[in-house]
Each structure stands twice: as C-alpha cells, then as structure tokens.
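Q: Hi! Could you walk me through this protein model? I'm new to this.
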Amino acid sequence: MGAGWGFPKGRGAIERWLEAERGQLPLWLPIAFGGGVTAWFVLDDARQWIGFLLAAIGLALVGALLPGRAGRALLVVGLCLAGGCGSVWWRAESVSAPVLARPEVVAFDAEVVRVDALTARGLVRLVLAPVGRADLPPKLRVNVEATGVPAGVAAGARIALRARLVPPPGPSVPGAYDFRRVAWFDGIGATGKVLDGITLRRAPARGGHDLRAALSAHIESRLPGSAGGIASALATGDEGAISEADGEAMRRAGLAHLLSVSGLHVTAVTGAAMLVVLRLLALSPWLALRVRLPLVAAGAGALAAIGYTWLTGGQVPTIRSCVAALLVLVALSFGREALTLRLVAAGAMVVLLLWPESLAGPSFQLSFTAVAAIVALHESPHMRRWFEAREEGRALRIARGAGSLLLTGILVELALMPIGLFHFHKGGLYGAVANIVAIPLTTFVAMPLEALALVADLVGAGTPFWWLTGKAMAVLLWIAHAVANAPGSVAALPVMPAGAFAAMVAGGLWIGLWRTRVRMLGLVPLCIGALWAAITPGPDLLVTGDGRHAALRMADGSFALLRDRAGDFTRQVLSENGGVEADALAALADRPDARCSPDLCVAEVIRGGRHWRIVATRSAYPVAWRALVAVCAASDVVVSERRLPRACHPRWLRLDRGSLTQTGGIALTFAGGTIRRVRNQGRHPWLDPPTVRPPFSAAKGDR
C-alpha cells in the first residue's frame, strides 16, 4: 500500500497529521466534489468519463479497506470525486435540448420567458419560448432595439416577431468566452437579433407586472446614466444601464464585484433587516421580556435574504451568499461561531449539488475564492491576534482597522488574480487600495441612501435621498476611473495554460485549508504554476473561426489587425487573447513592415531565429489562380475566409474555410510551432448537439 501503509512509522505519521487537521478535513468535501466536476469538463468523452468514475470508486474501495482516518478520508474523497463527475454528466444530459442547425431568418410567435433591459446599449434582451414551432429550439435569446419593444412585453406575454437566428457561438479564438457551453446548460438553442419591431399578441396574465424590471426602471428614472445603472445593480442585480466605459473602469479597478450581487449586498440587506426588526420590537417592554428578539430578528433577516435573492434573479453568487447568510443565522441562533470556512464549504457544496456546471464559470470561482480567502485569513491564529479588539487609543484603533482592511484587500487581490488572468487575460493591481474606500462607501453610504430613497418614494419624498445617492455613485465612479487610468493598473497575460492554472489553484487551496506546517508545501505548486504561466509565450497569430479576422504580433510586440473595420467585440476578443489593450490594435495595412492590397496582405516576422511569411486574404473577390498558388508556395501560413485552391500548399499551414470549419479559431506560436484550436475531439453534448432546422421554403419566404 505504499510507504505510509507498508511501514508503521509512515502510517503513524500520516494518522497523526490527519488527527491534527481533523477540523479541516470536511473543508475538502466540496474540493473533491469539484474535482470530479472538473474531470468531466477536462476529459473528452463517455469512455474517459466512465474510466474516471471507475477509478474514483476504486479509490473509495481502497479507502474502505484501509484502517484509520486516512482510509476514511480516501473513501469519502473517492465517493465525492465520483459524485461530482456523475452529477455534472447527469445535469448536462438532463438539460439536453435541440440547437438550431444553421443561421436562419424566421417569423414566429413566442412566449416571453425573461426580459433584460440593456439600457446603456439601447437594447432589450428577450429569452423566448417559440409557440407551435417544433422546427425551432424550445428556448432562444434575441436582442431587439428598445424602441421596437411595445409596452406590456414582460414575462408571460405572447409576441410575434421576425428575427435572424444563429446557433449559439463557440469561442472565436482559443481562450475566448464559450457562450455555446453556457447556452447549453441554460437550454438556449439559438441567439439572434429581431429584424423588425415586435407585435404584442397577448399581455401577460398578471398584467405585465415584473417587480424586478419595474424596480430597475424606477431607479434608472430617478438616477440617469451609469449612476442609475450601479444603483439598479445594487438593488436588483441588473447591470444593463451601466455604460461600457464605466463598466470597464470598474473591472480594471477591481470593483466589479460591487456590481454582482453577492456576499456584500446580501449581508447588508440581512443585517439591515435584523437591525430594524430588533430595534422596533425592542420598543415594546412586553416583547423584550417574553420573546427572544434576536431569534425573531434572525428570522426576519432570513426572509430578507431569500426575498433579495429572488428579486435579483437568483444568480450563483447571490444564491451562495444567501445560503451562507442562512447558515450564519442558524449558527447564531444556536450560539455557535458563525463565520467559518465550514460555512463557506457548505455554501459551495449546495451550489455544486444544484448547479455543478457553475464551477467552470468565473463567477463561482471568483465569489468563493474571495470569501474563502477572507475567512481563512481571519481564522489564522496570527491574524486573530492582530485583528482582535483591544484597549488602545483611537488613532491606533483606526490605523489597525485600516491596516487590516488593506491586508485583506491585498490577499483577496492576490487570490483572485490567477482566476482573472485565466478567464479574462487581465488582472487589476490596485484593487486592494480602491476597495478600502469603495467597500465602505457602498455598504455604509450608497446602499442605505438608496434604501431610504426607495422607501421615501412611497410618499413622494425621495428626491433629496436620490440626490445624495447620485453623489455617492459619482464618487464611486471617480474612484474607478482614477484607479483604472493609473499607470500599470492592469496586468495582462495573453494565455495561461490550464495546467498552470490548476497548479496555482491546488497550491492556494493547500495553503488556505490546512493549519499545520505542512500547508507550506502548497508553495511548491503555487510557484510552479505562476512560473509556468509567466514563461508561456503568447500567440503570434490569432485567427477567428470564420477566417475573416486575424491579429499578427509584429516585431515591436504590438498586434496588427487584418481588417481595418473589425467590430468592437472582435477587437476586444483579439486584444484580450493577445495580451494587449484594444486601442493598441493597429491596422496591418498601416504597418511599414507589411504590404497590403484590397485583396491580400503579406507580412514577415522573425521568430525563433527564422523568417515567417504570413499571407491573408481581405476580400471575397477572386484572385488569379496562378498568382495565388505561387503566393501560397512562398508563404508559411495562408489565412482566408474562402476555400483556397487544392494546389495552394504553404510551407506550414493553410487556414481557409474548409480547415477552419474543422478546427475553429486558431492561435499559433511560431517559435515553438504550437497550434491551439478551439475545437478538439471532445464529445461533450454542446459540441455535437441534436439540431432542428426550419423548412427552407419558410425561411426563404421570410426574407
């Protein structure tokens, strides 16, 4: 059984270590369960998933045969690994729904499932369920101009529309956001844009009343612009009215967590409800003497947390925070210590049991990592001695509090940086400093003022409070822009290998969850992962899956775009995955080290001690066959959105419509000859979904 069980001394050392860490062992239950979920996403097909399940069950059987705490730990870990893999597999199959086979223009009637106003973009996003159309996915999502949405369109309404629908798109280049996977678990089989206005066939049964939408609209009517958008996000989780510039500033400043309703917001609402109820009930001496008022206040706080979670749409961070708040209230009711890592682990386990796919998203990872880092820091004996209250002067008390807040902010930023770099390819560096001011401003000024304004609006007296709320939001936006525009405020990383990210996560968990000196071994994978990520070279050439857009790293390290008029979304995707700012992308035609005509661009770069010649087509116009074949033969890589002639044989790669259809977007690193593809050989259900296709004649008539 290895050194630990073949030799009594080794077995004894392991048992003594586990005995010393017995209080920390339950914290690894969601980690093991999440490991099984991760394995399902990483492995390719059912054969490998079944192999993993058998291996996990085998590990559990080995644990059942071994004596002591180590055997029990292996048993539980094996069962959790198998449970995680099996649960996400079952979840993926249970939400299976047909996906649109190809882009279509279709006229149809639909029931409105959800309405999200994207006020800053002048759009409304609708989630629809087509009526009487077996040739369409059961649920789809469309955007429509706000001016084209008639009054009364709300959840439950029936509408008629004509829209251009496309299958949910996958990542355009390796490392980009995979909406196709998210849409699969949401049951969305198509997305698109409404071409004409919407006709309201039938108003919803409850008269079009949508509390969340109505509250957001009311707040935004009292506070226009991004200030109202932030206020709406704090109250309902609706971020649609925040402009892209202000939203980007909040992200760069490390303040985006304030916009996602999570622990900060749920805690504030729960605490406020408890305080108000407790103070009001305490006014009655009879109640104060005969009723456990803290228990009643805890019940009111629980109802407030549940109601706020429902109002804000029940997103993963909100549900996690609600579960945590309820556990805290239960612990307080029984006189137990409330804020512990076990509470965080319990919240994570609840979310993973209900929505195991959420583990793959940045929202889950950022939310739980931030909370776990804060709680782990405050549970540390050394930090407890620093944070505990003591008799000292006011100046020292304020300095200690500020230092504690700064230390907590720095730790959270360090813990979240690998996640931000892995998912978004950028991470804020000054977020800890910004949050020292922004968190108290939001918690103790902005949210209470907004609550007072909403209550005062019931009697028409909310204007002064809205004015004060607007000033608080203006200060928050000023902080965001000041920090975001500071030199070196953002660290960019074009690509992080999944192995490097996994090593850093494993090292961080090992350090944060153990209490004995063995925790320091976590520095090994943490440092290895960080070094691995730092030395991994970024891509030299990015090509989107349709072949229309490409970004080439030039000799000075900057990226140049093949097409001058690439849209904002394309520029953002290419810049993030290239590790540069979007406004730093130049046009390839404007570069002195490239030659471009209306039809072709030719560029040469030096990588790995040799010259690389890249050719890309820029138009759909035909190029002389002989000339094109000759250019191919003299080039290393040829990129085209069209099908190139069979006689086109570049020295390395031909990336045309035919090949890109098979591979999806491509990222190339010339020096090492590395090729990263969007599409692999995996058999996850969203990669090969069941499809539906409207009749060709109907689609043609719609046009």
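A: Happy to! One term to start with: contact means heavy atoms within 4.5 Å. Also keep in mind that this is a predicted model.

Q: Got it. Which residues is Phe41 in contact with, leaving aside its neighbours within four places in sequence?
A: Phe41 is in contact with Val88, Arg181, Phe185, Glu357, Ala360, His684 and Trp686.

Q: And which residues have the most contacts inside the largest nonpolar core?
A: Those are Trp40, Phe41, Trp184, Phe185 and Phe364, in a core of 40 residues. Several helices each supply at least two residues of this core, including helix 3 (28–42), helix 6 (179–186) and helix 15 (362–379). Another core, of 38 residues, lies apart from it, with Leu223, Ala227, Ile242 and Ala305 among its members.

Q: Changing topic: where is Ser358 found?
A: Ser358 sits in the loop between helix 14 and helix 15.

Q: Is Ser358 buried or exposed?
A: Buried, because its relative accessible area is 11%, and buried means under 20%. A polar atom of the Ser358 side chain lies 2.7 Å from the backbone oxygen of Trp355.

Q: Now the surface. Which residues make the nonpolar patch there?
A: Leu406, Ile410, Leu414 and Val433 make a patch of about 340 Å². Helix 17 (residues 394–424) gives the largest share, three residues.

Q: Why does Leu406 count as partly exposed?
A: Leu406, which is in helix 17, counts as partly exposed because its relative accessibility is 32%; that class covers values between the 20% limit for buried and the 50% limit for exposed.

Notes. Residues are numbered from 1 along each chain as its sequence is written. This is a predicted model: local features need pLDDT of at least 70, side-chain atom pairs count only at pLDDT 80 or more; totals for chains, interfaces and linings use all residues. Side-chain values use heavy atoms; hydrogens and water are left out. Patches are made of residues with over 30% relative accessible area and no salt bridge: like charges are joined within 9 Å, nonpolar side chains (Val, Leu, Ile, Met, Phe, Trp, Tyr) within 5 Å. Accessible areas come from the Shrake-Rupley method with a 1.4 Å probe; for residues, only the protein chains shown count as cover. A salt bridge is a side-chain nitrogen of Lys or Arg within 4 Å of a carboxyl oxygen of Asp or Glu. Helices (H or I, at least four residues) and strands (E, at least two) are DSSP runs, numbered from the N terminus. Buried means under 20% relative accessible area, exposed over 50%, partly exposed in between (1.4 Å probe, protein chains only). A nonpolar core is a set of buried Ala, Val, Leu, Ile, Met, Phe, Trp, Tyr and Cys residues joined through side-chain atoms within 4.5 Å. A polar contact is a pair of N or O atoms within 3.5 Å; within protein, one must be able to donate a hydrogen and the other to accept it, and residues adjacent in sequence count only if both atoms are side-chain atoms.
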